[in-house]
Amino acid sequence: MSQEDIMRRLELLRVDHRDLDSAIAALVEAGGSDQMQIARLKKRKLRLRDEIALLEDALVPDIIA
């Protein structure tokens, strides 16, 4: 995967992460009656965060001290 592909993928993941954040906030604000749905969205948001971190690490070269 090229660096350009990684950057494009990162941007899409960040947008998805923000969208999930907004969806979770809206569900909680609306009374949050479906705790299972909120939990699933939070879990998905964490998976996205992990994938974002992996891709960001792939962009930074290892530096041998």
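Guide: Let us start with cover: what covers the buried residues of α1 includes α2, where covering rests on contact, meaning heavy atoms within 4.5 Å. This is a predicted model, in which local features need pLDDT of at least 70, side-chain atom pairs count only at pLDDT 80 or more, and totals for chains, interfaces and linings use all residues. Residues are numbered from 1 along each chain as its sequence is written, and side-chain values use heavy atoms, with hydrogens and water left out.

Visitor: Why are α1 and α2 called roughly antiparallel?
Guide: Their axes come within 9 Å and cross at roughly 155°. Axes are lines fitted to C-alpha atoms, for helices over the stretch in contact, with angles from 0 to 180 degrees between N-to-C directions. Angles under 35 degrees count as roughly parallel, over 145 as roughly antiparallel, 65 to 115 as roughly perpendicular and the rest as oblique. The two helices are therefore roughly antiparallel to each other.

Visitor: Which kinds of residues make up the contact of α1 with α2?
Guide: There are 16 nonpolar, three polar and ten charged residues. Nonpolar covers Ala, Val, Leu, Ile, Met, Phe, Trp, Tyr, Cys and Pro; charged covers Asp, Glu, Lys and Arg; the others, Gly among them, are polar.

Visitor: How do you know that the span of α1 agrees with its length?
Guide: The expected span is 1.5 Å times one less than the number of residues. For the 27 residues of α1 that gives 39 Å, and the end C-alpha atoms are 39 Å apart, so the two agree. Helix α2, with 25 residues, reaches 36 Å from its first C-alpha to its last, close to the 36 Å expected.

Visitor: Why is L55 called buried?
Guide: Buried means under 20% relative accessible area, exposed over 50%, and partly exposed in between (1.4 Å probe, protein chains only). L55 has 14%, so L55 is buried. This residue of helix α2 touches I6, R9, L10 and L13, not counting residues up to four places away in sequence. Among the other buried residues of α2 are I38, L41, L48 and I52, while those of α1 are I6, L10, L13, L20 and I24.

Visitor: What makes K43 exposed?
Guide: Its relative accessibility is 54%, so K43 counts as exposed. K43 lies in helix α2, and its C-alpha is 14 Å from that of R18.

Visitor: And why is S2 called partly exposed?
Guide: S2 has 36% relative accessibility, so S2 counts as partly exposed. S2 sits in the segment before α1; S2 and L59 are 57 residues apart in sequence and 9.7 Å apart in space, C-alpha to C-alpha.

Notes
Helix = DSSP H or I, 4+ residues; strand = E, 2+ residues; numbered from the N terminus.
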